[in-house]
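Please look at the sequence and the 3D structure together.

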Amino acid sequence: MINRFEDAICGCCGRVATGFGYAPRTGQTVLWVCDDPECLQIAKDSYTMKQETFSRLESLAAGKGGDEGGSFLDQIGKGDSPLSSLTPDEWFEFCRRIVAGYRKALIAGLKDEAPF
Ligand SMILES: [Zn+2]
């Protein structure tokens with residue numbers, strides 16, 4: 001069953017939910033998703049995933065996000081520098097890479113471990 005939107009974030013990638021969610025039956029908790037059709041499919045496939053499995057995937061994804069941020073710092077030659085040495089633009093790009101890496105890794109993990 002697909003439901004209309006309530007104010008929420010995507011249960012698969014963490015972006016803003018934009019209008020749809022999934023619940024197997026009326027009255028069950030809705031897993032809201034963003035506008036990416038892949039996230040709606042992942043929501044359907046992983047709806048019954050245990051919280052501890054999701055938490056493990058989320059932790060792994062956070063680590064991957066950190067790796068992406070670290071790679072960016074290496075690319076700009078500041079891998080061994082304090083974060084306070086980053087310019088404002090470098091700081092925002094560093095943060096963007098972490099978040100993007102997290103989202104990408106979380107989606108990959110959910111796809112790999114979805115029970116269906
Ligand atoms: Zn999403």
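The model is predicted: local features need pLDDT of at least 70 and side-chain atom pairs count only at pLDDT 80 or more, while totals for chains, interfaces and linings use all residues. Residues are numbered from 1 along each chain as its sequence is written, and side-chain values use heavy atoms, with hydrogens and water left out.

The domain assignment of the protein chain gives residues 1-47 as domain 1 and 49-116 as domain 2; such bounds come from an automatic or database domain assignment. Taken over C-alpha atoms, the centres of the two domains are 22 Å apart. In contact (heavy atoms within 4.5 Å) are 12 residues of domain 1 and 10 residues of domain 2.

One salt bridge is counted between the domains. A salt bridge is a side-chain nitrogen of Lys or Arg within 4 Å of a carboxyl oxygen of Asp or Glu. Glutamate 38 forms a salt bridge with lysine 111, and their closest N and O atoms are 2.6 Å apart.

Now take helix H3, residues 88-113. Helices are DSSP runs (H or I, at least four residues), numbered from the N terminus. Which residues of H3 are buried? They are Glu90, Phe94, Gly101, Ala105, Leu106, Ile107, Gly109 and Leu110, where buried means under 20% relative accessible area (1.4 Å probe, protein chains only). Helix H1 (37-46) and helix H2 (51-75) are among what covers them.

Notes: Helices (H or I, at least four residues) and strands (E, at least two) are DSSP runs, numbered from the N terminus. The expected span of a helix is 1.5 Å times one less than its number of residues. Buried means under 20% relative accessible area, exposed over 50%, partly exposed in between (1.4 Å probe, protein chains only).
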